[in-house]
Amino acid sequence: MEEAKKLVDSLGMRWDDNLHDGVTHLVAIVVGSAKYKAAKAAKMKVVKIEWLHACFQNGAAVPTGPFELKPLEGLCICTTGLYVEDRDKVQELCESMGGIYHPDLIFGTTTHLIAEHPEGAKYNTAIAYGIPVVTVDWIVACLDAQELQDEDPYRVKEQDKEEDDAPTYLKLNDQLAQCIGMLEDDSIGCFFDGCIFWVTSGFPPDVMQKIKLLIRFGMGTRYDTYNSSVTHIVADYTGRCQHLKDTNDGVEIVSTNWLIDSALAMTCMQEDSYPPRAQPLPERPPTTTPTKTLTKALINTAQKIIPAAPPLAPQPQSLFGGHMFLLLYTDKLGSTGNAVLRAQIKEAGGRYREINTTDPRILQPNDIARMSHIILGHGCELPDGMLPSLCQAMPHAKLATELWLQCCLQDGIIYPRRKHKLFRCSADAHASSFPPLPLPCFDSMVACISMFVDVERAVLSCLLRLAGATLTLKLSKRNTHLVCRLPEGPKFEKAVEWKLAIVNAKWLITSVSAATLMELPAMVPPSKKRKLEPIDEDLPPAILSSQETKELSQEEPRPEAPPTASLSQEVKESSREEPCEAPPPVSSEEVEGGALTQLDNLLGDMGGNESCSLDYRYEPILPVAVAEAPKTAHVNSQFFADSQAVEPNSEMVHYVDMTQSKPV
């Protein structure tokens with residue numbers, strides 16, 4: 001407070017340590033003190049010390065509105081016995097009123113405990129240390145009044161407790177949570193090895209999830225439905241499965257306490273000592289409705305914080321707005337996965353959940369319902385049946401590879417998965433197509449791409465970047481590799497002149513899949529080039545489903561085209577066709593910079609950097625009428641035999657089939 005006194009003296013105000021009728025402002029850090037309650041009762045202004053700083057900077061008193069203490073300013077709130085959705089709403093309300101929410105009860109820090117029933121370890125601790133235990137109605141009352149309310153009318157009263165030791169699902173949930181917390185630092189045991197469990201369906205989702213965790217911690221086996229191999233039945237009460245006990249002598253029916261004590265002792269306890277209850281546990285009391293109370297309070301808070309305003313123009317939606325991704329990865333060392341990818345997804349407006357296939361976690365039902373994509377990460381190894389089970393549990397979620405996700409983030413658009421085969425994977429795949437990236441063998445690679453456009457270029461660029469290579473837009477002597485689709489063009493010629501490694505897309509995909517640089521392919525010279533083949537041919541088998549592989553293996557070979565009869569007849573036919581009009585000339589106004597700029601864009605700076613740019617135009621090759629050749633010309637007919645179908649817009653010459661023409 002010495003700082004506050006100095007500021008008051010410098011501003012010409014008066015300071016008093018005692019609160020009396022002459023005081024107009026109270027400087028406080030936290031609400032709830034005796035002076036605070038007296039000042040609020042006297043309608044005084046209760047402000048933070050930041051108000052004095054603002055007055056000192058402005059040289060005069062400023063309005064106190066932005067500097068007044070909020071209703072729960074400085075208080076630390078903890079909860080017990082609430083469901084997950086209610087805890088989240090309490091945290092949101094607490095933080096909106098200046099309070100601090102902490103899930104753990106800490107002596108000396110926690111100021112209030114919110115509970116619905118007088119039970120549990122947190123409740124007993126709070127009562128022992130004199131921490132006020134109130135219901136959710138107290139925090140709603142503080143919100144409505146916009147100031148701290150007295151706790152007495154909202155305390156959880158001891159006489160409301162009908163049976164001190166009567167178990168409830170809320171108490172059972174707390175017991176399971178405490179057991180799991182105590183086992184958090186212990187290694188997984190094998191005390192449930194050989195035990196086959198079936199858990200009855202009477203438990204709430206939160207309790208069921210914790211029971212499954214304990215069974216998995218002890219290396220036990222669990223079935224969703226009862227069968228003859230089950231050795232242990234975990235039941236909420238005996239009446240639900242007594243008929244199974246009567247008909248199967250080898251089946252043990254136990255309560256959840258047997259699971260808890262066995263897990264803490266790291267050994268199977270005697271089953272006869274843990275029989276289930278004769279009657280089901282009491283459900284949540286119908287008179288307690290904190291969910292509706294908190295939901296209404298949140299709506300009122302939103303209306304107070306966000307005043308009515310005229311409708312604004314629609315804002316552009318983020319890339320992954322409304323999308324939730326399930327990221328599958330494999331890490332036996334137990335790391336936290338790809339932190340960079342998670343940050344990029346969050347920045348793009350998306351949400352994510354992660355599953356390490358070596359230690360899978362249980363997804364919340366809400367997350368399963370909201371999941372939009374299942375992403376198979378690079379280097380992911382899947383146990384048998386895991387991916388089909390996920391696809392079956394989330395039939396609305398689309399299955400894609402991490403390369404698809406990386407390409408979408410790279411270009412800022414969501415590519416359809418059908419655009420490229422590397423974007424898709426089969427539901428029965430056991431591993432991803434690519435190993436964990438980046439790869440050490442690509443560190444020294446400086447690559448440039450030529451003759452690829454659209455999604456093919458995006459895929460190759462992203463794959464090179466993820467593999468660890470350096471990608472350049474222009475080709476220079478600093479490059480080590482040229483990824484070329486066709487053996488032609490200025491980049492190809494310069495790469496040959498500079499003796500650079502010239503590779504194709506298939507080589508790149510195969511090298512990344514094998515995690516090593518494969519043997520350089522022999523590029524076909526321009527005089528013997530054949531049909532353009534898409535880069536997604538001959539992909540690694542991991543991304544092809546078993547049905548696609550079967551169809552490819554049963555595909556019949558294409559018949560060879562019959563040889564042409566004569567070049568002279570062909571030329572005659574071609575000469576009868578009407579010649580196409582030549583394209584209109586491109587004026588210098590249509591191209592920025594004129595002819596000199598076009599030459600610079602084509603060749604780049606040939607002086608210092610010796611680079612070739614990508615920015616040049618492709619002019620379509622149009623058919624032109626050819627004069628009739630001499631009849632004495634003879635051509636080997638086998639030269640024109642080609643079993644490959646001509647692609648649209650390809651540069652292959654169209655030859656007329658003369659095998660069925662009448663002889664002259």
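I began with Cys407, which is buried at a relative accessible area of 0% (buried means under 20% relative accessible area, exposed over 50%, partly exposed in between, with a 1.4 Å probe and protein chains only). A note to myself on the source: this is a predicted model, where local features need pLDDT of at least 70 and side-chain atom pairs count only at pLDDT 80 or more, while totals for chains, interfaces and linings use all residues. Residues are numbered from 1 along each chain as its sequence is written, and side-chain values use heavy atoms, with hydrogens and water left out.

**Entry: α12 and α15.** I took helices (H or I, at least four residues) and strands (E, at least two) as DSSP runs, numbered from the N terminus. Helix α12 (residues 339-347) packs on helix α15 (residues 402-411) at about 50°, and the axes are 11 Å apart. The pair is therefore oblique, since under 35 degrees is roughly parallel, over 145 roughly antiparallel, 65 to 115 roughly perpendicular and the rest oblique. Axes here are lines fitted to C-alpha atoms, for helices over the stretch in contact, with angles from 0 to 180 degrees between N-to-C directions.

Which residues of α12 and α15 meet? I found Leu341, Gln344 and Ile345 on the α12 side, with Glu402, Leu405, Gln406 and Leu409 on the α15 side (contact means heavy atoms within 4.5 Å).

**Entry: α10.** I looked up the buried residues of helix α10 (residues 256-265) and got Thr256, Trp258, Leu259, Ile260, Ser262 and Ala263. Their cover includes α7 (169-182), β7 (196-199), α8 (205-217), β9 (232-234) and β10 (252-254). After α10 comes Met266, with a positive phi near 60°.

**Entry: Lys398.** I found Lys398 in strand β14 (residues 398-401). Is Lys398 buried or partly exposed? Lys398 is partly exposed, at 43% relative accessible area. Leaving out residues up to four places away in sequence, Lys398 touches Ser372, His373, Ile374 and Arg417. I also noted Met371, which is 27 residues from Lys398 in sequence and 8.9 Å from it in space, C-alpha to C-alpha.
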